[in-house]
Amino acid sequence: MQNDHNKNYLNLMPSLIACKCPRCRVGMVYKHGPYSLTGRTMLPGCSHCGLVYEKEPGYFYAAMYVGYAFIVAELVSMAVAISVFTGSHVIIHFCDIAI
Ligand SMILES: [Zn+2]
């Protein structure tokens, strides 16, 4: 795998456009090609180097936590804005829903 560091970054563009294997740049990622009209079916692994194309366990956990924080911040700021502009005490109910 030392050859990966010696490749020129400009040589990466054709393999990126053609959706080749991220490790060896030879094997295909999709069964019928990346721009097929019949749909993209991802292969389980590279036919050339054997790299397995799957996400690591816990890949989406960080996105879930960040998304939850954004939603809570949005709901609380919206509740504060409604409370300030209307004078109602709806902020208590929004905070109950968010948390
Ligand atoms: Zn490969």
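Helices (H or I, at least four residues) and strands (E, at least two) are DSSP runs, numbered from the N terminus. The views below come from a predicted model, in which local features need pLDDT of at least 70 and side-chain atom pairs count only at pLDDT 80 or more, while totals for chains, interfaces and linings use all residues. Residues are numbered from 1 along each chain as its sequence is written, and side-chain values use heavy atoms, with hydrogens and water left out.

View 1. The zinc ion has C21 (SG), C24 (SG), C46 (SG) and C49 (SG) as its protein donors, at 2.2 to 2.3 Å; donors are N, O and S atoms within 2.8 Å of the metal (3.2 Å for Na, K and Ca), and since water is not among the atoms, sites may look incomplete. Along the chain these donors follow the spacing C-x2-C-x21-C-x2-C. Distant parts of the chain are linked by the pair C21 and C46, which are 25 residues apart and both placed in the loop between α2 and α3 (61–86). Both C21 and C46 are buried, where buried means under 20% relative accessible area, exposed over 50%, and partly exposed in between (1.4 Å probe, protein chains only).

**View 2. Angles at the zinc ion.** The arrangement is tetrahedral because the 4 donor atoms around the zinc ion subtend angles of 106 to 115 degrees, and four donors count as tetrahedral if all angles lie between 85 and 135 degrees. The ideal angle at a metal with four tetrahedral donors is 109.5 degrees.

View 3. C19, found in the loop between α2 and α3, has a positive phi of about 55 degrees although it is not a glycine. R25 also lies in the loop between α2 and α3, and its phi, near 60 degrees, is a positive value in a residue other than glycine.

**View 4. N11 and R25.** N11 belongs to the loop between α1 (3–6) and α2 (12–17), and with a relative accessible area of 53% N11 is exposed. R25, with a relative accessible area of 27%, is partly exposed. From C-alpha to C-alpha, N11 and R25 are 9.8 Å apart in space, and they are 14 residues apart in sequence.

Conventions: Four donors count as tetrahedral if all angles lie between 85 and 135 degrees; four count as square planar and six as octahedral if opposite donors are over 155 degrees apart and all others between 65 and 115; anything else is irregular.
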